[in-house]
Amino acid sequence: MSKLYIGSHVGLNAPDFYLGSVREALSYGATTFMFYTGAPQNSFRKPLDQLKVEEGRKLIKESGLDESKIIVHAPYIINACNITKPDLYEMSINFIVNELQRTAGFGVSIMVLHPGAHVGQGREIAIDALVKALDEALDRDGTNVKIALETMAGKGTEVGVTFEEIAQIINLSKHKERLGVCFDTCHTHDSGYDLSDFDAVLDEFDRIIGLDRLLVVHLNDSKNIRGAHKDRHENIGYGEIGFDILYKVVTSPRLENIPIILETPYYNEKPPYKQEIEMLRSGKFDPLWRDKL
């Protein structure tokens, strides 16, 4: 088996900021990680020169991590599908530009983005709006960062719920070379895909989108039955997907060298990532592992 690039979401908190992000990832035994460049719920952003970026990048190099496998996640407040409020739509475009530039400033080359929600406009109008927003942002940002559109669960009026919708967004863009996909296991399960035959799902993905566009995997169990359209993450092995299926995802030779990121919830206010990474590396599930945190 080739090197497994697996890690989790980590914080970007004072006083050590990015240096602390790298240290947190290393404490979990991770070989990659994902972070937000600021709070995901608002637009406030500290300048990069206050975030100990160079110190973090130095530790990445010293620790043997591959910087090309590290991921930024764009904030949740971006909704470039919604043209009912022109000011907010323009803000989303500007925010995407800013986040792409900040991502590049960290030395990272992939940014995950939720496609957004149509808020009652209808899917075709929303997809057209999103494509125009992405094209404008990618015209303006001046970086080589790729956007990984995340597969969504279908909660509310979310766009990007099916492989067909993701493919449509990419195919309509004039910047196809900078668009890819983040495959979220909880979201695809909740949207109705049967991950128990993961090779069949990948075959479908390859036929509709192309496996060459798969840039990131979010590895999460789900609290919901398949097709529930709810998006509620669960710890590995405690949900409706189950450890065996998620282990097949991690060890699939078709996902070789793709970064795998855990976004599972804290348990008893403690991060579960060190234990989850160890189990996924070994292939051995401990049904009582959460009680040992």
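This briefing describes pockets, a helix contact, aromatic pairs and backbone features of one structure. The model is predicted, so local features need pLDDT of at least 70 and side-chain atom pairs count only at pLDDT 80 or more, while totals for chains, interfaces and linings use all residues. Residues are numbered from 1 along each chain as its sequence is written, and side-chain values use heavy atoms, with hydrogens and water left out.

**Pockets**

- The largest pocket holds about 530 Å³ of space. A pocket is an open set of points on a 1 Å grid over the protein atoms alone, where a 1.4 Å probe fits, with protein on both sides within 12 Å along at least five of seven lines.
- Its lining consists of 27 residues, and Tyr36, His73, Tyr76, His114 and Asp231 lie nearest the centre; a lining residue has an atom within 4 Å of a point.
- This lining divides into 10 nonpolar, 10 polar and 7 charged residues. Ala, Val, Leu, Ile, Met, Phe, Trp, Tyr, Cys and Pro count as nonpolar, Asp, Glu, Lys and Arg as charged, and the others, Gly among them, as polar.
- The second largest pocket has a volume of about 220 Å³. Of the 16 residues that line the second largest pocket, Leu12, Asn13, Tyr36, Gly38 and Ala39 are closest to its centre.
- In the lining of the second largest pocket, 8 residues are nonpolar, 5 polar and 3 charged.

**Helix contact**

- Helix H8 (residues 243–251) and helix H9 (residues 273–282) have axes that come within 9 Å and cross at roughly 75°. H8 and H9 are therefore roughly perpendicular to each other, a term for angles of 65 to 115 degrees.
- Phe243, Leu246, Tyr247 and Val250 of H8 meet Met279, Leu280 and Ser282 of H9, where contact means heavy atoms within 4.5 Å.
- The residues of this contact comprise 6 nonpolar, 1 polar and no charged.

**Aromatic pairs**

- There are 17 aromatic pairs, counted where ring centres of Phe, Tyr or Trp (its six-membered ring) lie within 6.5 Å.
- One of them, phenylalanine 163 with tyrosine 193, is stacked, at 4.2 Å centre to centre and 20° between the planes; stacked requires planes under 30 degrees apart.
- Phenylalanine 163 belongs to helix H5 (residues 163–172) and tyrosine 193 to the loop between helix H6 (185–191) and helix H7 (198–208), so the pair ties together parts that are 30 residues apart in sequence.

**Backbone features**

- Alanine 14 and proline 15 are joined by a cis peptide bond, with omega about 5°. Proline 15 is in the loop between strand S1 (6–9) and helix H1 (17–27); helices (H or I, at least four residues) and strands (E, at least two) are DSSP runs.
- Lysine 52, a residue other than glycine, has a positive phi, near 50°.

Technical notes. Axes fitted to C-alpha atoms, helices over the stretch in contact; angles between N-to-C directions. Parallel < 35°, antiparallel > 145°, perpendicular 65-115°, else oblique. Points joined across faces, edges and corners; volume = space filled by probe spheres on them. Phe/Tyr/Trp six-rings, centres within 6.5 Å; stacked < 30°, edge-to-face > 60°.
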